[in-house]
Amino acid sequence: MPGGVGANAWHGCNGFPRAYMDRLCTVAGLRPRGWGLYHELDQQAAYQADQLTEVTVNVYSLAAQRTLGQASNL
């Protein structure tokens, strides 16, 4: 990833900066700090409803946090 670019998604692809590797590679890292991953995963066209936007994918992220027993970080 180029410097200064954050986590991002496009249909069939997710990109994460090197600083995310601890979150992506371990459950211990993902559980408390996985918001970016949850957020980007929900933006894939294969299962995204037509009218979801950058903001509404946060509902999915909140559900993922709840499932993992984490408090909301909103």
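Is Ser61 buried or exposed, and what is its relative accessibility? At 0% relative accessibility, Ser61 counts as buried, where buried means under 20% relative accessible area, exposed over 50% and partly exposed in between (1.4 Å probe, protein chains only). The legends below start with the whole chain and come back to this serine at the end.

This is a predicted model, in which local features need pLDDT of at least 70 and side-chain atom pairs count only at pLDDT 80 or more, while totals for chains, interfaces and linings use all residues. Residues are numbered from 1 along each chain as its sequence is written, and side-chain values use heavy atoms, with hydrogens and water left out.

**View 1. The chain and its elements.** Welcome to the overview: the chain has 4 helices and 2 strands, arranged from the N terminus as β-β-α-α-α-α. Helices (H or I, at least four residues) and strands (E, at least two) are DSSP runs, numbered from the N terminus. Of the 74 residues in the chain, 28% are buried. The accessible surface comes to about 5000 Å², and carbon and sulfur atoms account for 60% of that surface; accessible areas come from the Shrake-Rupley method with a 1.4 Å probe, and for residues only the protein chains shown count as cover. Contact means heavy atoms within 4.5 Å, and among contacts between residues at least 6 apart in sequence, 37% join residues at least 24 apart.

**View 2. Asp22 and Arg33 across two helices.** Here the side chains of Asp22 and Arg33 form a salt bridge at 2.5 Å, N to O. Asp22 belongs to helix H1 (residues 21-25) and Arg33 to helix H2 (residues 27-33), so the pair ties together parts that are 11 residues apart in sequence. A salt bridge is a side-chain nitrogen of Lys or Arg within 4 Å of a carboxyl oxygen of Asp or Glu. Arg33 is partly exposed, at 39% relative accessible area.

**View 3. Asp22 and its neighbour Arg23.** Stay with Asp22 for one more close-up: its side chain also meets that of Arg23 in a salt bridge, at 3.8 Å, N to O. Arg23 is buried, with a relative accessible area of 16%, whereas Asp22 is partly exposed, with 36%. The structure holds 2 salt bridges, and a network of salt bridges links Asp22, Arg23 and Arg33.

**View 4. Ser61 and its surroundings.** Back to the opening residue: Ser61 sits in helix H4 (residues 57-67). Which residues is Ser61 in contact with, leaving aside its neighbours within four places in sequence? They are Trp35, Tyr38 and His39.
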